Each structure stands twice: as C-alpha cells, then as structure tokens.
Amino acid sequence: MGFFQTNLPYILAGISVGGQYALIAIGYTLVYGILRLINFAHGDIFMTAGFMMVYLSASLPLWLSIPLVILLTVLLGFLVERIAYKPLRKAPRMSIMISAIGVSYLIQNCAWYVTSGLAKQFPVIPWISDSVTVFSATTKVVTILTPVFTLGLVAALVLLIRHTKIGMAMRAVSRDFETSQLMGIKINSVISTTFIIGSFLAAVGSILYFTNYTTVTPTAGSMPGLKAFVAAVFGGIGSISGAVLGAFLIGICENIIKGLGWTTFSDAFTFALLIVILIARPTGLFGEKSMDKV
Amino acid sequence: MKMKNKIITAVVLIMALFVLLLALERILPPSSMLFVVLKKGAIYALVAVSMNLLNGFTGLFSLGQAGFMLIGAYTYAILTIPMEARGMVYQYFDGGIVPLALPVILAIPLAGLVTAIFAYLIGLPVLRLKSDYLAIATLGFAEIIRAILQWDKLGPITNGSNLLKLYPVFTSVIFPFAVTGVCIAIIVLLINSSYGRAFKAIREDETAAEAMGINLAHHKQLSFTISSFFAGIGGALLAMYQTTVQASAFRATMTYEILLIVVIGGIGSVTGSCISSFLFIACSEWWLRFLDNTIFIGNFQVPLLGPGFRKVVFSVIVMIIVLFYSRGIMGTKELSLEGLYQFLRKRSEKKKKGDVPA
Amino acid sequence: MTDHILQMENLTMQFGGVIALDNLSLEINRGEIIALIGPNGAGKTTAFNCITGVYEPTNGCIRYEEQIIASNHPQGKMKKLYIGKNKDSYTRVIRHTPDKIAQMGIARTFQNIRLFKDLTVFENVLIAKHMHMKQNVFTATFRMNRREEKRIRKECLDLLEEQDLLPFCGEPASSLPYGLQRRLEIARALASEPKLLLLDEPAAGMDPQETRSLADFIVHVRNKYRLTIFLIEHHMDLVMRISDRIYVLDFGKQIAQGSPTEIQNNRRVVEAYLGVAEDA
C-alpha cells in the first residue's frame, strides 16, 4: 500500500496524461487506418490548438474562445489534408510521408515566428484548474476529468463508427481503399471526416493537456504526438480501443518512472516500448496480419 | 567519352575545385557567409548522400540519421579531447575516465566505425519491419540514443547533459571538402558495383530480388551499416565545425532537414543530394537572412518581416517542391559531363530548328 | 534409374480454413518439361511459392536433388484447424528463404511480371548474377573483382542477344512492350544459372504466333542449358506441344497426370477444365 500511497500523484497524473495522449492517438490511428499515412503533422496541430487558445482567450471570453479554438483546429486539419495530402494520394507512399514531415516543419516554424520563440502561458480555465484532493493526494480537477471525458468521447466515436453510414464507410475504406471507391463511397468525404474527427479530438486533448502543463512552445506537440503514435502502434494500428489502451499505459508508466526518480528516461520508455512491440508483435495488440499475394 | 579521358577530366576538375577554394580563402574574410555555406554544406552533403544510399537506393525509409550523427560526433569528441583539457571539460566528473586522446586521422574513421557497430545492433531487430514502422522505429532509437548520451551515470564518458568542447577542429574549408569528397567517392563506387545493383533491386521489388538469390536481411544490414558509418563521420565533421557538441541539439528536426535535402535533390541521385545540400544551407542560413530583419521604408514597417520569417518562407518553398516537384532537382539521374554536354547539344539543335527561342 | 530433380510429397497448404493444396505429390525427372495445368484458383502458383520458399507449407515435404528443401507439419494454432491428411507423417521442420532456394539452382518467373521497373534491361539481368559472384562488399566497391564483372557482363549480353533484347539494353525495363517484358523475365531467370526453371504462365497475353516461338524457345533453352522446366500454363497449344508430362490440379488436388495425349483423352480433366471442342 505504501507504494500506492507515495506514487498516487504520479499514477493520477499518468491517467490524466494518458487520456490526453489517447485523444491524440485516435487521430493517428484513424488516419493510418485509412491512408496508411503516419500524420507527422498531427502533434503540431495539437500544439497549434494550444497557441490559438492563448491568443484568442486574450481578447475573447472563454465560453467563446473554447468552441472557436475547436472549430479552427478542425479547419486546420481539414486544410492540411486537402492541400498537402490529397494531391499525393496516387504518389508512392514515401512522398506523402515526406509531405507530412514538411507540414510539421512548416507549422513549427510558423509557430516560432508568431511567438518569436517565447513560451506562452496557457489561460487558466476556471473550475477544471481548481485543486482537489483524492485519497490524500492533491491534484487539479482536470486530472480527474480527463479520463472521464476521454472515455466518453471514445464511446461516442465507437458508436459513430459502428452504427452510422459514414462510420461504415470509414471501416470499408480502411479495409480496401480502391474497392470502396468502386462501390461508390465518396472517398474525399470519408477522408475529410477522418481528419475532422482527429483534429476535433486533438483540440479537446490540447485544452485538457495545457491546463495541466501550462507552458506552450512551438515544439510542445512533438513529444506528445510521438508518444500518442507509439500508443496507436502498440494497440494495433486501426484499432481505437488499442490506441486508448496504449495511451493510458504509456501515460501511467512514464509517470511512475518519473516517480521513481529516473526522469531522464521517462521519454525513452515510450520508445523502448515501441521497439519491443515492433519486434514482438508488429501488428500491435489488437491489430491483424495481412498477407501479400505473390 | 573514353574511360581514360573521363578519369583525367575528373581529376582536373577536382584539382580546379581545390584551387578555387584556396583562392577564396585568400580573398574573402574568414567570417564570410560563403564559408559557412561551404563548410556546413559539405558536411550535410555527406550525411544526405549516406541517407540517400539507405532511403533512395535501397528503399529503406529510416529516420534515425540524427542519432547516428550524434554517436559519430560524440565518439570523435570523446576520443580527441586533449588530456590537459579533460579536467576543464568534464568538470563535474573529475576529468572523466577516458584515458587517451587520439589523433584526428584515427578518430574520424573510428567515429564511423563505432556508429556502424551501433547501427548493426539496431538493424538486427528493426530491418525486418515494414517501411512505415521502420521509420518510426529508427526515429525511436535516435531518441533513445539521445537520452542515453545525456544520462548522468554515463557522465565520466559522455559528460552527461553538459556539452563537449576543446577537441581539435578545422579552420580551412578544404578539410570538410576533402573528407566528404573521399567518402562520397566510396559511396558512389559502392552504388555502381554489384552490391549497389542488389540494393536497387531490393528497392524495386523485394520478392523478385529474393527470387534472384539476394538475401534481404544481409543486404539491408549492409546498406544500413554502411550508411550509418558515413553518417557517423558526418557527425564527427559537424562536431568539428560547431566546436562544441551537445546531445540535445541532435533532434528529429535534424533528420527531417536531411530528408528534405535528399527529396529536394532527388531521391536516388547522389549529385542531386550534393547540389541540394548546398542550396538548402545557402537558403536557410544566408540568402533569406534579410527576411529576419525588420525593414523600414521611411516610417512604414514592411509587414511580415521579422525574426523567424526566414524559416517560414523556407518551409513554404520546401512544401511547394515536395508537392509539385516531387522528383526533386535531379530526379534519379546524376549530373555528369556527358549529360551536360548532350543537354547543351540538344538545346542548340533545337534552337537551329527554331523550336527554342534564342 | 530415374533421376528425380524435384519431388513433392503429400504437400498441403492451408490458409485459415481454406485448403489451397491438398495432399499434392508429384515428381519431376531431370531434363523433363513438366506442365501444371488446371482452372484458376486450383493452387498452381501456390505450389510454385512453396517450392521457392515464399510460402511455408502446412504439411508435407519437398525434395530437390534428393535433399529436403522444405518440410513441415501442423503446429500451434494450425494443429487444431488442420483438415488435411497425413498430419502425423512429417516430423522435421525445414525452411529456406527464397534466396537460398535460388542459390541452390531453382529460378522462377512470376505470373504478374516482377521486373525491376526503374532499372535498365541490362541491370535487370546483371542482378541475377550477383549471388554467383566471388566477392564481398569491399572487393566489389574497390573494384578488385574486375574479372568477375567482365565475365558476368559478357554472359548477360549473350543472354540478351539470344532474346533479341540487345537494342534495349539501356532502357528502363518498364518501357518495354509486354511481350518483351516476359522475355526479359525469362532472360533474367536464365542468368541466375538454374538447374530447374519454374515458369508461371510465360505465354500469358501472347498471340498464337508468339506462343509458338515461345514454345520453341523453351525447348531450345532446355536443351542448350541442360535445364529441367516446370511450367504453369493456360495456353493448351503450348502445353500439349512441348510437355513430356502433365499434372492436372483442381481445388488443390491432383486429378490426373500423364502424357499430353493421355490428358487430352481424360474425361475428368476435360469436364473440369479443358472443355469439349464445339463443332463449327
């Protein structure tokens, strides 16, 4: 029980950040499932949402800036897909990945330019930033709220995918891109929807994340983005529940490692996990193998 | 052109290049931006070509270059810091535990060798993976390397999170050019050999390559290790250029920049990577510098110009190239005297027929 | 004494719940031209893939020049799923990667041509020689293997000349017309110095005249290079013309084997595959 007691703040922090990683991870896994693309720019979209919040809330009331941030982030994700990924759909796979890297590079440089490299403070959102005590550990409300929010959104998403027409279209496209097109599915709508959902979740995740870690810098999105991607790979690319599971695992483990005093390695843990899963079970926890026809 | 003539022309051109460089060093002040571009450009050209060997010629999409450059840089620095200076550099670690200081001429190849050994070990599990997963796995390993080299417990060797300095550096631009030149020459020899053909076969169609008796694991490992060897040497050169080296600077962004250099020059073109490297460095460090200054025309401040704008414009240019000129400057072709000669001849023929306006 | 160059014993290939090859046994003698025919989906290419090491058979074994090159029995999950026969007959597990099999002297062409598209015609053929060159990466890079390079270049040029592909030497393989691409694939396979050549639908897409010259070419190559040929084909004129023996596959099972005349008169084969000629 002693371990639990001393590490409770870390475990709670882990669950919280895990939920935030999960919201980002879903974006990665959905896009990869459909386009077989690792959207390197996704983490930077997450970071941009943070900055938008900083600037908008300076001149607008919170009840206006929050939905506006979400809307603008969704718009950004949509535009990135249309401008940088759609033209390369027929190109070899490396080209589109390079485009994603280029977009990531561009967004980070823009963020640096706009902020002149100075870190910005995320606005304090009342109530969720308040302190609360859980089992004698003090933490913010957002820490408790995040997992609840995350699981709620994930449940809504799973319902969408299972029971709506667009959800079925998404599933079909991720199985077989070309045949889906031949069957009359509007590929562009499906792909745009995927990016919209991913960006929406990233925006929500960003609000929760930066309420906790209040400094926003141009590179603030790289690490969470990379970790979220590892979570997606761990869970099995294309599997939402796998990505969520992986994200919570990473969040909790990296915070326990911090609690044990090995802070330098908390980031490396994620990558070690990645290597292990890629060697032991490359298709991830819930992924499926596919065979190429010779 | 006959083989003998080709070799003579090549030698003459190389000598002319070195004469030119020496002349420039006499004429221009050492702080001139041209030298920054030439030195850094040469170093990045070597790393870009090494990355092209792996990504462009063998088709293995690896994003671990920054990690390998880091190993090379650190190996070089650790092995060459003169004994007298060690106390100062390793001030938190009682002078560190490395008992020797090697001459530069040994340390550089050794840097490459150590990197190659690490690459071999990393390659064992990682090269079996599909292309996208390979990218992320190598990226992950680069980050792990970066974390390990900053670890305090290894401080007596690596100086922990402090930077390494006071190791031998170069002043003349001839040095990086010479080292890079030799290395790239070796890579070109490799590419044009039977093994180079095997690498290209793997890139084109792994199944067919296997059916032709090419052992995939062995050849992928060869390409990976050799590429990393040269990336390590590039890292050592970079350490010499920067005069101080710190693990935290070797982030994924560095790998992305090399990748963009390779793409802009043309995946599969060695000369393309070289040209593009110099252009890339020139643009990002020199030619677009004016965009970073706030310029006033009278009392009117030109909008948008300011610190950081240079990188924004640069990123946009890169995106345009990636989207519209994805074959890069050279595509998969190499720049050669014959090619240039044919190109000019065709143009003058077209002019005579009136197709091309004079 | 028959000299078997290839033997398949009770070869079964099961994917999930589907049996692609059902207890297939066959022998090929050195120097023969053997054809494998049957409707689409009968498992012919699967058989090739098992021989060349691309697939690991679920059960059974394959011998090449009397040595076992592939052997397996149902393991792990497959133990419960296996619905084939002879499940306890094979105890050894032997598997070689396709490159090993190629080095032993088995070469193949592919149903959907797999040339190295962006490489030149010449490079495509040169690559097949790589495994036979006495060199390592250092001797090759620093050009200490010049004699080897000269030798293989001459051999490849001869092969290309034989196929009338010499004028296209420097062109990318993808720029060749379809018929020439097929010939290039065969030239490439020959360059790998095989003893057994597996041809997967070499006449696909060819007109009757091209098919005839291909047929003659296959016999010529068998005689000149002392090969054994194992081919999959749908063009019956080619099959009947040059095959010494024919195996007929349907749903993964061997339903007949014999000489061309025997097969043409076999009712079961006619019903399953060949069909009856309609009176004009």
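Predicted model: local features only at pLDDT ≥ 70, side-chain atom pairs only at ≥ 80, totals over all residues.
1. Of the 294 residues of chain A, 55% count as buried.

2. As for overall form, chain A contains 11 helices and four strands, and its C-alpha atoms fill a box of roughly 60 × 45 × 35 Å along the principal axes. The radius of gyration of chain A is 19 Å, which agrees with the value near 19 Å that a compact globule of 294 residues would have. Among contacts between residues of chain A that are at least 6 apart in sequence, 74% join residues at least 24 apart.

3. Turning to charge, chain A carries 18 positive and 9 negative side chains, with the centres of the two sets lying 6 Å apart. Side chains of opposite charge can pair when their charged atoms come close.

4. In chain B, the side chains of B:K220 and B:E206 meet in a salt bridge, at 3.1 Å from N to O. Because B:K220 lies in helix 11 (residues 216-242) of chain B and B:E206 in helix 10 (residues 206-211) of chain B, the pair ties together parts that are 14 residues apart in sequence. B:K220 counts as buried, at 8% relative accessibility, whereas B:E206, at 34%, counts as partly exposed.

5. In chain C, C:D200 forms a salt bridge with C:R108, and the closest N and O atoms of the two are 4.0 Å apart. This pair links distant parts of the chain, since C:D200 is in strand 7 (residues 196-200) of chain C and C:R108 is in strand 6 (residues 106-108) of chain C, 92 residues apart. C:D200 is buried, with a relative accessible area of 0%, and C:R108 also counts as buried, at 3% relative accessibility.

6. A further pair in chain C joins C:R267 with C:E271, where the closest N and O atoms are 3.7 Å apart. The two residues are four residues apart in helix 11 (residues 267-274) of chain C, and so they are separated by about one helical turn. C:R267 counts as exposed at 65% relative accessibility, as does C:E271 at 62%. Elsewhere, salt bridges that share partners join C:K129, C:E148, C:R151, C:E155 and C:E193 into one network.

Conventions. Residues numbered from 1 in each chain as written. Chains lettered and ligands numbered in written order. Heavy atoms only, no water. Rg over C-alpha atoms; globule rule 2.2 N^0.38 Å. Buried < 20%, exposed > 50% of the residue type's maximum accessible area, 1.4 Å probe, protein only. Contact = heavy atoms within 4.5 Å. Lys, Arg positive; Asp, Glu negative; His and termini not counted. Charge placed at Lys NZ, Arg CZ, Asp CG, Glu CD.
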